[in-house]
Amino acid sequence: MMTLGLVACGDDDSSSFVEPEKESSDSGATLSGDSHEGSSPSSCSSKDDKSSSSVSSSTTNSSSSAKSSSSTDSKSSSSVTSSSSGTSAGTNSSSGEEKRPCSEEGKTQRANGVKVICHDGYWVPVSSSSAAPTSSYFDMSKQFNEKVSYGEFTDPRDGHKYRTVSKYDDVFEKTYVFFAENLNYGKMVSGGTVQGDSTKYCYDDDPWYCENGWGGLYTWSNAMNFPAVCDSVSMSAEACSQKFVYPSGYTQPQYYVQHQGICPEGWHVASEGEWAYLQHSSVSYLGSKVAGFGNNGSGLSILPTGYWLRYENGTTTFKLIKKQTFFWSPEQSSDYPEKAHLVSIESQGMNRLYEEAKSKRAFPVRCVKNY
């Protein structure tokens, strides 16, 4: 059985999140801070930029098949549209600005609202680079499991069709109907701008990802359909003044909140208890074959979407595609009410974390039908 671990960075005392209804305390690991280019990374971050928390080998049933994709998985590539002109952290040779060095050729990020690329050892605006970044387009014919019997749901808000998959929980004698793909609702906005109502980011500012199964990336308040101020204060604060409705019949009802958030009516953002039900399966069983993330025996077709990040200086970037995915869940820590909960899934396992920089990261959303 795979355990949904709570492994805090540098803390050997973290407890495991196995059956949430049996837990007596609320604990979690904080998603490590991401270092800006040129600054020192977190002491717990690995060299390939993964989250600081990982599942212990004694509690994780990982699969060797859940690895990053090989080059043969890439279908085609296309140039990303360059950002609008303006001042950026890259060098404009005509302005005489000092160049800012970089070390990862081809990496992109945003500086002062302008997309820049690491080219020949320096950050330069995409529009002035002869090596414009490319997006690797994946063979999405591998997204679903053809042996699984899928349902279908059409979002009445925009007509978007989603495949669904049913999973029976024999502990609670309930059938969970999950979206078998990430939510893709809202208007795409640039990663260098602040999200508003019914908006989303698409990985690398490329709509292809949103439109081809990877779905949108949402800040916490947007995913929960709360005012944006709730990203910076506790839900109980007067400025936010929001709450979750806890269900009856559970020892720990906070893990089984059916909160609609940005999901369609009659559906809710997948709760921690529902993710905990899935932790009994290996990550390979849950992950899609796209990018070599798994064998998708479950039909849930989870993709290694990566995420969006805003640094303290306002620069934004997209990270960890093909390596990891995160999902917001509708819960705040009882010990640290300013922090929101999320689930991390990578080849080593599934972790339950909490994140205080709710407006500085954007993750995908999975919806579950109300029951």
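This report walks through the disulfides, one hairpin and one loop lysine of a predicted model.

**Disulfides**

Let's begin with the cysteines. A disulfide is a covalent bond between the sulfur atoms of two cysteines.

| Pair | S to S distance | Torsion about the S-S bond |
|---|---|---|
| C202 and C210 | 2.0 Å | about -115° |
| C230 and C240 | 2.0 Å | about 100° |
| C263 and C367 | 2.1 Å | -95° |

The torsion for C202 and C210 is about -115°, so this disulfide is left-handed. Both C202 and C210 are buried.

For C230 and C240 the torsion is about 100°, so that link is right-handed. C230 and C240 both sit in the loop between α2 (220–224) and β12 (267–269), 10 residues apart. Each of the two, C230 and C240, is buried.

The link of C263 and C367 is left-handed, with -95° about the S-S bond. This pair connects distant parts of the chain: C263 lies in the loop between α2 and β12, while C367 belongs to strand β19 (residues 367–369), 104 residues apart. C263 and C367 are buried as well.

**The β7 and β8 hairpin**

Strands β7 (residues 151–154) and β8 (residues 161–169) run antiparallel and are joined by 4 bridges. Across this pairing, G151 stands opposite T164 in β8. The hairpin has 6 residues between its strands, and G159 takes a positive phi near 80° there.

**A loop lysine**

Where does K323 sit? You will find K323 in the loop between β14 (316–319) and β15 (324–332). Its relative accessibility is 28%, so K323 counts as partly exposed. The C-alpha atoms of K323 and G292 are 9.6 Å apart, with 31 residues separating the two along the chain.

Notes: Residues are numbered from 1 along each chain as its sequence is written. This is a predicted model: local features need pLDDT of at least 70, side-chain atom pairs count only at pLDDT 80 or more; totals for chains, interfaces and linings use all residues. Side-chain values use heavy atoms; hydrogens and water are left out. Helices (H or I, at least four residues) and strands (E, at least two) are DSSP runs, numbered from the N terminus. Buried means under 20% relative accessible area, exposed over 50%, partly exposed in between (1.4 Å probe, protein chains only). Two strands pair if DSSP finds at least two bridges between them. A disulfide is a pair of cysteine sulfur atoms within 2.5 Å.
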